Amino acid sequence: METHKIIWTEIDEAPALATYSLLPILQAFFKGTGVDVEAKDISLAGRILATFPENLTEEQRNPDYLAELGDLTQKKEANIIKLPNISASVPQLMEAIKELQDQGYNLPEYPEEPKNEAEKEIQARYAKVLGSAVNPVLREGNSDRRAPLSVKEYARKNPKTVPLNPWDKGSKAHVAHMTGGDFYGNEKSVVTENGGDFRIDFVGKDGKTTTLRDKLKAEKGEILSATFMSKKALRNFFQEQIEAARKEGILLSLHLKATMMKISDPIMFGHAVSVFYKEAFEKHGSTLKELGVNPNMGLGDLYKKIEKLPEAKRKEIENDIQAIYSQRPALAMVDSDKGITNLHVPNDIIVDASMPVVVREAGKMWGPDGKLHDTKAMIPDRCYATMYQEIIADCQKHGAFDPTTMGSVPNVGLMAQKAEEYGSHPTTFEIPADGTVRVVDAGGKALMEHAVEQGDIWRLSRVKDIPIQDWVKLAVRRGRATGAPAVFWLDKNRAHDTQVIAKVEKYLKDHDTKGLEILIKPPVEAMRFSLERIRKGQDTISVTGNVLRDYLTDLFPIMELGTSAKMLSIVPLLNGGGLFETGAGGSAPKHVQQFVKEGYLRWDSLGEFSALSASLEHLAATFSNDRAQVLAETLDQGIAKFLDANKSPARKVGQIDNRGSHFYLALFWAEALAAQSKDKALQARFAGIARKFKDNEEQINTELIGAQGKPVDMGGYYHPDKVRVGKAMRPSPTLNAIVTNMMIFEM
């Protein structure tokens, strides 16, 4: 029998814990079927270990599985299920390094400020682990992201699973953005019709030229877009909004993407910190500089580093910080009980996860008093801030959405071949001095140039032509399959979008669009159009670039389903393979905290279930594998029964958690396999297995729930002890015995 392999990525936090329970069940189900599931570790810790093999013993080394999977994406047989991984900020990276060092791994320290060439080389190697390190490697295709029909129907029947707060009539909530000097306003864009080599130069006021990046090569028809964020304009914006929030009497909050956009957004975050706490940073500037305090890492970094000071000096700084709060608007809180503000750690304020919650909470965030208050949401750049303001204005006018009747907004996203990886690319720079940045072709001709000042953030993004052609094709295909309008979210007044619009209009002519409604609208109008339809129960396909793909596929699912973790993301790889993503992991850290404290894991694996179903369907279609098709169809039936029976994780100890949900998925899937008649061998095998699951249901539940309520020592957060976590996530001897027996069965 020919065997086809599905790669299951081992990643971080709650979905990684869930894998300890779910993966053995899946491997047992596939035993003898010709389908094999193999795990590959691309977690943050795994990527760190793969970066410094020469520092480790043979037993400690971790292969570079990410590079291995990157190569696999170029092949037709690629079938990868990607769970949500940490897009690490510098503080997270340093925490992970410290944990690994404490476990005996001889890793070098991360040099925040490299003092020599050796430290620069170490920092550069670690930089490859930071931010969105995984996504650009694996996403060798464009995304088709939507709510599975069974999940959408369940949300309509069970609106309490989608908690949307009512809006106050006098709501003051709003989004504040810059009106000039931002990435939107400064953007320039060109199409390299014939491709060719290019480089990025910085020319100082003294005329000296420094090459920021060379040996770059554009493909034929590739779009290059360059822009910058003015440091002065950004800091003035923050100062103005701080004062405005104080006068308006509302919370102040900041929403950026300081993980995926690992270069640009941490710098912007740092400016917000140093402007808000300006008096303390100015008064104690020399001390803070000597300690190596970096505002880009948040107020938490300051508190951590001033612990080294004599008590009197430390107290003085802490008191000066506290005094600032009496002069400023109240800050939105991440954890009001612990005094952790919106400006404490950069990875706590991820815009695609934080802004949907603002909408869900009726324009409010938690204040220092532990209560919800209207917030001013600062999103500096106008590229996408305006569409968030549009949804807030819509809710202020029409009220909260109704999950029992609302339509859906699936997404077709342009992301293949690192399209629009803003802020993560090695072509993003903090400008060292006043001067000019030039994009120069091989002949010395300047393709684009910007006059910049010290501290400005300059970036260049790229979109190749083939991904755009594939993106347009996928949009037409989804429009034809669903009958819903497909809206390209593109702004003709933005330089980059102008170039994309020209290509979209060109490549739409290659397809039969008769009877389809295909529109091009700027983000504000596209949002307004989609919201008008969603309130009527109508679906609208959003066709967007990479960043909006990221933002919208959190925003709408949280309104529709209560979480984006239940979304299905199918990525048809350009060379015929498939990548299947399982939803966002924004709530994953809180779930881990609860697991450690109470032995209860609330993570919902529904996204993994749906991704596996799509993976099997792809395998069946690509290789004409009838058995894989039966496995996919029965898994869908099992998921539908799982939802109808309400077997998703609950909230509290004593109720079903993630481990129990895996058992019920196994039970219902086995029953569906036993009931089908397309594959007699599968039917015969799973008739007995389904009986064993059903006969032992009460005992298995008793054992799973009995394991709750006790603290769990994982042996590490980023690099947990596999034996300890394995025991904690598989606490039912009865279930384990059934799964083990399945593994020794041969059809």
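This section describes the sheets, strand pairs and helix packing of a predicted model.

Strand 4 covers residues 143-146, and three bridges join it to strand 23. The two strands run antiparallel. Asp 144 has Ile 570 of strand 23 as its bridge partner. Strand 23 spans residues 568-572 and includes Pro 572. Pro 572 is partly exposed, at a relative accessible area of 29%. Neighbours within four places in sequence aside, Pro 572 is in contact with Gly 141, Asn 142 and Gly 577. Asn 106 is 466 residues away from Pro 572 in sequence. In space, the C-alpha atoms of Pro 572 and Asn 106 are 40 Å apart.

Helix 7 comprises residues 149-157, and its buried residues are Val 151, Lys 152, Tyr 154 and Ala 155. Viewed down the helix axis, these buried residues fall within an arc of 160°, so they line one face of helix 7. Leu 149 and Lys 157 are exposed on the other side.

Strand 7 (residues 196-204) pairs with two strands, strand 8 and strand 17. Strand 8 covers residues 209-218 and is joined to strand 7 by seven bridges. This pair runs antiparallel. Ile 200 stands opposite Arg 213 of strand 8. Strand 7 and strand 8 form a hairpin, with four residues between them. In the turn, Gly 207 has a positive phi of about 85°. Strand 17 (residues 435-441) is likewise joined to strand 7 by seven bridges, and these two strands run antiparallel. Here Phe 202 has Val 437 of strand 17 as its bridge partner.

A further helix pair was examined. Two packed helices are described by the angle between their axes and the distance between the axes. Helix 25 (residues 680-695) and helix 28 (residues 733-743) pack at an angle of about 170°. Their axes are 11 Å apart. Helix 25 and helix 28 are therefore roughly antiparallel to each other. Helix 25 contributes Arg 685, Phe 686, Ile 689, Lys 692 and Phe 693 to the contact. Helix 28 contributes Leu 735, Ile 738 and Met 742. By class, the contact has six nonpolar and two charged residues, with no polar residues.

Methods
Residues numbered from 1 in each chain as written. Predicted model: local features only at pLDDT ≥ 70, side-chain atom pairs only at ≥ 80, totals over all residues. Heavy atoms only, no water. Buried < 20%, exposed > 50% of the residue type's maximum accessible area, 1.4 Å probe, protein only. Arc of directions from axis to C-beta. Axes fitted to C-alpha atoms, helices over the stretch in contact; angles between N-to-C directions. Parallel < 35°, antiparallel > 145°, perpendicular 65-115°, else oblique. Contact = heavy atoms within 4.5 Å. Nonpolar A, V, L, I, M, F, W, Y, C, P; charged D, E, K, R; others polar. Pairing = 2+ DSSP bridges.
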